[in-house]
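Here's a quick tour for anyone opening this structure for the first time. Have a look at the picture, then follow the notes below.

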Amino acid sequence: MTTIKACIFDLDGVIVDTAVYHYKAWKRLANQLGFDFTEEQNEKLKGVSRTRSLELILQWGGISKSPAEQEELATLKNTWYVEMISHMTPSEILPGAKEFLVACRAAGLKTALGSASKNSMMILEKVDIVNLFDAVIDGNKVTKAKPDPEVFLKGAEAVGVSPAECVVFEDAIAGVEAAITGGMKAVGIGSPEVLGEADLVVSGLNEMSLEKLNALAPPNPPR
Ligand code: BG6
Ligand code: MG
C-alpha cells in the first residue's frame, strides 16, 4: 500500500498571496516602457519564471529587447518586487496554510517547499515559517521550470521520500502538470475548472485535512 509520507508546497498562491506584488512590479515596468497589460494577461504569469514572464510581457507590448537589456529589466522589476515583499508580515499567510503545515508535521510527514521563486527564502523568513519546512527547493536550485518536475523531484529527494509517496500542492496548471509528470499526487489550490487535472481541488489549504490527504493514497490491495 502506498502511504503519503511527504507534502511539497508551492509558495506563491498556495502559502502566501504574492501575485499582487508581482503584478504591481511588472505593471510598473510595462508602464515605464510605454504600455499596459491586463489582469487577465497577468493570470498567465502564475507559476511562470521571472525570465519567461518578462518575455511574455514584452511580447504583449510588442517590444523587443536584447538579452542584456532583458536582464536589466528583470533585475529592475525584482528590485521593486523585493522592496514590496520586504514589508510582508505573518498576517499575509493564506488561511489554513500554517495550520495544515503544523498538522502534517505533527502527523510525522515531511514537508518541503517547491517554488520557482528565487525570493522564496526571504518570503518564508518574513512570514516566519522557515522552521515548518524540512527542505526548501527554490528557483536558485533548479534549472528547468515547471511543468518540468525537477523542483518537486529535488524536494522529494531532499526529504528522502519516493515520488509516489508525495503530495504536491499547487495553484498553477504548470505546477499540477509537473507533479503528475513527476509521479506524485497533485492537489490543486483554486478552481476545478482550471485545475481539473489534479487528483483533488480545494479552494485553499483551510479546506485540507489529514483525512483528505490520506484518501489520496490508494486503498489496501485485496487479500
Ligand atoms: C512563481 C510565481 O512562484 O515564481 C511567478 O508564481 C514568478 O509569478 C516566479 O514569476 C519567479 O519568482 P521570482 O521571485 O524569482 O521573480
Ligand atoms: Mg504558485
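Let's start with a piece of architecture: β4, α8 and β5 form a right-handed β-α-β unit. Keep in mind that this is a predicted model.

**Strand β4 and its partners**
- On one side of the pairing story, β4 teams up with strand β5 (residues 185-189) in the parallel sense, over four bridges.
- Within that pairing, V167 sits opposite K185 in β5.
- β1 and β4 also pair in the parallel sense, again over four bridges, and here I8 faces V168 in β4.
- How many of the five residues of β4 are buried? Five of the five are, so the strand is largely enclosed by the rest of the structure.
- Both faces of β4 are covered: C166, V168 and E170 are buried on one side, and V167 and F169 are buried on the other.
- As background, side chains in a regular strand alternate between the two faces of the sheet.

**The magnesium ion**
- Which residues hold the magnesium ion (ligand 2)? D10 (OD), D12 (O) and D171 (OD) coordinate it, at 2.0 to 2.2 Å.
- Written as a sequence pattern, the donor residues are spaced D-x1-D-x158-D.
- D12 and D171 bring distant parts of the chain together, being 159 residues apart.
- D12 belongs to the loop between β1 (6-9) and α1 (19-32), while D171 belongs to the loop between β4 (166-170) and α8 (173-181).
- D12 counts as buried because its relative accessibility is 18%, which is under the 20% cut-off.
- D171 is buried too, with a relative accessible area of 10%.

**Around ligand 1**
- Ligand 1 is surrounded by 15 residues, and the closest are D12, V48, S117, K118 and N119.
- S117 places a polar side-chain atom 2.7 Å from an oxygen atom of ligand 1.
- K118 uses its backbone instead, with an N or O atom 2.7 Å from an oxygen atom of ligand 1.
- For N119, an N or O atom of the side chain lies 2.7 Å from an oxygen atom of ligand 1.

- N78 is found in helix α4 (residues 67-85).
- Is N78 buried or exposed? N78 counts as buried, because its relative accessibility is 14%.
- Setting aside neighbours within four places in sequence, N78 is in contact with R50 and N119.

Key:
Residues are numbered from 1 along each chain as its sequence is written. Chains are lettered from A and ligands numbered from 1 in the order in which they are written. This is a predicted model: local features need pLDDT of at least 70, side-chain atom pairs count only at pLDDT 80 or more; totals for chains, interfaces and linings use all residues. Side-chain values use heavy atoms; hydrogens and water are left out. Helices (H or I, at least four residues) and strands (E, at least two) are DSSP runs, numbered from the N terminus. Buried means under 20% relative accessible area, exposed over 50%, partly exposed in between (1.4 Å probe, protein chains only). Contact means heavy atoms within 4.5 Å. Donors are N, O and S atoms within 2.8 Å of the metal (3.2 Å for Na, K and Ca); water is not among the atoms, so sites may look incomplete. Two strands pair if DSSP finds at least two bridges between them. A crossover is right-handed if, with the strands pointing away from the viewer, the path from the first strand over the helix to the second runs clockwise. A residue is near a molecule or strand if one of its heavy atoms lies within 4 Å of it. A polar contact is a pair of N or O atoms within 3.5 Å; within protein, one must be able to donate a hydrogen and the other to accept it, and residues adjacent in sequence count only if both atoms are side-chain atoms.
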